[in-house]
Amino acid sequence: METTSFIWPFTIGLLFITSFLVVIISIWITSLSRIDKSRIVHSIFTRKSLMAIGEVFMESLLHRKIFRKNRMLGYMHMSLAFGWFLLIIVGHIEAWNYYHSFSVPAYKAIFFPYFVPASASTNSGKVLAASMDIILLFILSGVLLAYYKRLNSKLFGMKKTTKLKAGDRIALSSLWLIFPLRFLAESVSAGIHHNGSFLSQPCGQIFASLIPLQSIEAPVWWAYSCSLGLFFMALPVSRYMHIPVEVVLIFLRNYGIRVKKRIGGFSRIQVYSCSRCGICLDSCQMTHAAIKDTQSVYVLKHIRNRNLTDEKLFNCLLCGRCQPDCPVGLELNNLRITQRIESTKEYNSSYEYLKNGKVAISPQTEVIYFAGCMTHLTPSIIKSMKEIFKVANVKYWFMDEDKTACCGRPLMQVGQYGAAGKLIDHNLERILASGAKKLVVSCPICYKVFNEDYSMSGIRVQHHSEYLLELMAENRLPVNKMPLKVIYHDPCELGRGSGIYHQPRLLLDEYVELISVKNEKESAFCCGGSLANIKIHMNERNQIRDKAMDEYLSYQPEMLATACPLCKKTFAKSNNLPVHDIAEIVYMAIHKNKIMNPEEQKFMEKSKIGL
Amino acid sequence: MKHIVIIGGGIAGMESACALTDAGHWVTLIEKEAQLGGKLNQWSFLFPDFTPAEKIKDTLFDKCQERDFSILLKTEVKSVQTHQKKFNIETFGGQKLEADAVVVSSGYELFDARRKEEYGYKIYDHVITSADLEKLLRPGSDLSVAAGKNPKRIAFVHCVGSRDEKSGNHYCSKVCCITGVKQAIELKKRLPEAEIFCFYMDLRMYGKHFEELYREAQEKFDIQFIRGRLSEAAEKMDKSLLIKAEDTLSGRPLKMNVDLLVLLVGMEAGKGTATAAAKCSIEYEDSGFLKTNDTFLFSNFSSQEGIFLAGSCTAPMSVNDTILHARSAAMEVNSWLRKQ
């Protein structure tokens with residue numbers, strides 16, 4: 001039949017995209033490490049695959065995470081993704097119902113109303129035709145919302161949205177055309193052959209009363225086929241690659257594969273899974289300092305297009321605030337660090353001067369205390385910890401009292417893994433030589449690296465907020481509640497970085513009146529002082545800090561508590577509110593009379609303790 | 001007779017009050033403290049020639065006593081409002097004054113060294129500021145409280161709270177370099193056995209006899225100057241301090257144990273200065289110091305006609321510069337009033 005040549009744009013597009021995906025995904029999977037490959041082999045026939053299918057259904061089709069962010073935005077994504085999925089499935093059922101065969105070529109299902117001009121005679125055929133109309137209506141409502149979103153993204157809970165590239169524009173335009181054209185084509189066919197259902201049939205008849213439909217039937221099906229074909233052809237150069245790749249990502253993630261220190265197949269899969277929805281833009285605090293081109297979505301785009309500059313790569317606080325918001329669940333921080341490792345030249349970091357002497361500590365030593373470099377810049381935390389150890393009668397070894405190497409984490413954050421490794425080895429040797437079984441750390445930056453990158457089985461690493469809570473539970477710390485309204489600021493590396501949200505709060509609850517704020521825990525602000533950003537200017541840091549401080553001040557607290565020396569130092573500079581580490585607050589409770597500064601004196605007078 | 005209200009009874013306020021009284025005007029000097037003299041009351045000896053601060057203060061006091069002008073002590077200005085070429089000044093005590101011209105000589109504040117927590121001020125016993133040391137340098141005062149019984153080694157840190165982006169002050173406080181040299185010499189005289197080190201970024205010996213004093217400090221008093229900022233200080237069991245710095249001339253990190261650490265704190269605009277300035281619509285700089293109309297010819301003029309500026313409310317200034325600036329303010333006020 002001459003007129004069926006319109007199937008070719010669609011068929012060629014489908015063949016192209018299928019083979020393209022098969023090739024590229026195979027390349028990515030073959031470049032996975034041996035361990036990751038064996039993870040796939042060992043997990044593929046287990047529950048993990050079922051879980052992955054469930055996740056694909058919930059996230060790739062229903063878009064549950066986007067729903068949580070904003071219902072309109074969620075509905076828009078769901079109607080397009082889930083609707084299209086249903087259209088394909090029901091279309092194939094329709095074809096199967098008619099031809100009674102599974103081996104019908106895809107185009108017969110896709111262009112079913114054209115190939116089966118007779119109106120559905122069976123009941124099942126009528127039901128299917130009606131379902132197709134319902135699904136199409138559902139998708140068209142989503143397309144309408146998508147048009148509207150381009151005009152007004154605020155309605156969808158998004159303050160900012162990403163800019164499009166040529167490939168994206170082609171894919172987006174064809175995507176927007178696919179469904180209206182399908183509707184048009186179906187209606188036109190219905191107008192001629194009377195094979196439509198409740199929506200396409202009346203529309204077809206209206207069209208028929210306006211123009212002779214015979215001559216435009218083939219062209220509209222051509223247009224529909226072309227829009228599909230074009231979409232498939234543009235897919236590899238557009239952000240819509242995320243649609244197929246995200247499915248692969250979900251499976252691999254369920255098999256336990258994570259981003260590694262080196263760029264590999266899995267990190268490519270993550271990069272291609274980014275839909276550039278731009279939800280991460282809203283949570284990024286860099287925008288508070290008017291820095292608008294270094295956010296995760298842009299960095300991933302530049303990685304994909306191989307035009308990432310160091311200026312953008314390193315201008316990020318690695319606070320991880322964008323991560324919980326990512327609807328695809330990408331490991332945004334790790335991806336950036338991986339890229340930093342790639343872009344950094346290794347310094348000549350021999351660290352030859354680091355010599356491991358004998359670690360002579362008494363065998364009764366309960367705890368190794370590592371303050372960290374940042375804590376050495378906030379000596380009142382050290383002073384408080386020393387006093388707490390004394391009061392709780394803890395035998396401890398102050399590992400970095402005099403000289404110690406850095407924990408290695410700041411180097412890692414800027415991609416210097418080789419150098420960091422040397423420091424880690426040095427510290428590890430000393431820690432192991434001490435024989436103590438617990439390492440207490442005052443700095444969340446150190447805490448994270450000790451926890452994740454030091455292989456020291458049998459030694460428990462605790463941040464001092466966890467440790468102090470434990471001491472308190474063992475009744476080794478005096479408890480003394482002060483009537484002070486305090487906000488707890490979650491440090492990035494302790495909260496989002498290490499998942500410690502509750503211990504500091506439980507501890508503070510015993511000493512002060514804790515008030516909760518809107519942006520806390522997972523969505524807590526970064527103080528702006530992060531060591532991970534080596535491009536930002538001091539005034540920009542201050543803007544980020546001030547914005548966070550403004551929110552805190554709106555709750556009229558009397559003190560800001562934190563559990564990180566860097567956060568403390570950063571906020572203390574803004575000079576609006578007394579800022580203290582958890583350890584200092586415990587110290588204050590122990591030493592009612594020894595007060596640190598006049599602001600506290602006011603509070604102490606107020607709270608009528610001591611003085 | 002024209003009435004001039006001077007806000008701030010430090011040396012700038014005192015000097016311009018005397019000069020304006022001499023020019024035949026009626027002057028009211030407002031001071032928030034219980035006595036005149038401002039920060040000069042806190043200093044013992046002045047650079048570069050170790051003149052006792054007492055001497056300068058007494059001379060200024062005598063000068064004020066000899067002249068007839070009103071002094072309002074323990075009085076703070078609440079608002080300054082312009083009304084038909086007159087200024088209405090209201091104090092927190094509810095007093096209302098009307099003036100033909102206003103001189104702002106509200107001075108400066110010292111940088112709060114606790115803001116550089118890494119140096120341990122108010123955390124460690126043996127860390128003091130240059131202002132604390134000044135009190136200890138008075139004849140007969142006991143140094144051992146701050147420095148221990150026999151301090152062997154003393155370190156000075158320059159630029160604490162000045163030229164420091166992290167503490168938010170980009171400007172140079174101008175007087176701390178020479179203060180450090182002066183105080184190091186004084187300490188050496190008191191404790192000849194002690195070694196004294198000064199950690200600096202640059203030494204800005206801008207004034208008359210400053211450079212000579214710096215030279216003398218090295219040659220005669222054996223004070224050692226190390227170019228490099230301190231990164232941190234830690235207290236040891238015996239209350240001595242372990243300081244970490246980098247000698248940027250030899251390019252080496254260094255550690256040193258000292259018995260006393262002196263922080264040369266810089267000058268900052270008064271906390272309320274900027275807000276007060278905004279209230280009576282005179283302009284101020286990012287640093288909080290008041291803006292003068294230009295640097296050369298109108299350094300006593302504020303952006304509001306009839307409000308004049310004198311002394312260190314405009315920028316960090318030494319005692320002698322402040323006195324000169326206050327005198328020139330008086331001259332400008334006088335010739336402006338004559339033109340009215």
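In this predicted model, the C-alpha centres of domain 1 and domain 2 of chain B are 32 Å apart. Domain 1 of chain B is assigned residues 3-108 + 269-339, and domain 2 of chain B residues 113-267.

**Domains of chain B**
- Contact between the domains involves 12 residues of domain 1 of chain B and 18 residues of domain 2 of chain B.
- On the domain 1 side of this contact, six residues are nonpolar, five are polar and one is charged.

**Helices α1 and α11 of chain A**
- Helix α1 (residues 7-30) and helix α11 (residues 214-234) of chain A have axes that come within 7 Å and cross at roughly 20°.
- Angles under 35 degrees count as roughly parallel, so α1(A) and α11(A) are roughly parallel to each other.
- The crossing of α1(A) and α11(A) is left-handed.
- From α1(A), the contact takes in A:I7, A:P9, A:F10, A:I12, A:G13, A:L14, A:F16 and A:I17.
- From α11(A), the residues making the contact are A:S225, A:C226, A:L228, A:G229, A:F232 and A:M233.
- The residues of this contact between α1(A) and α11(A) comprise 11 nonpolar, three polar and no charged.

**Chain A with chain B**
- Between the chains, 10 residues of chain A are in contact with 12 residues of chain B.
- Helix α19 (residues 379-391) of chain A gives the most to the chain A side, with three residues.
- The chain A side of the contact with chain B divides into three nonpolar, four polar and three charged residues.

Technical notes:
Residues numbered from 1 in each chain as written. Chains lettered and ligands numbered in written order. Predicted model: local features only at pLDDT ≥ 70, side-chain atom pairs only at ≥ 80, totals over all residues. Axes fitted to C-alpha atoms, helices over the stretch in contact; angles between N-to-C directions. Helix = DSSP H or I, 4+ residues; strand = E, 2+ residues; numbered from the N terminus. Parallel < 35°, antiparallel > 145°, perpendicular 65-115°, else oblique. Left-handed = near helix turned anticlockwise from the far one by under 90°. Contact = placed C-beta atoms within 7 Å. Nonpolar A, V, L, I, M, F, W, Y, C, P; charged D, E, K, R; others polar. Domains from an automatic or database assignment.
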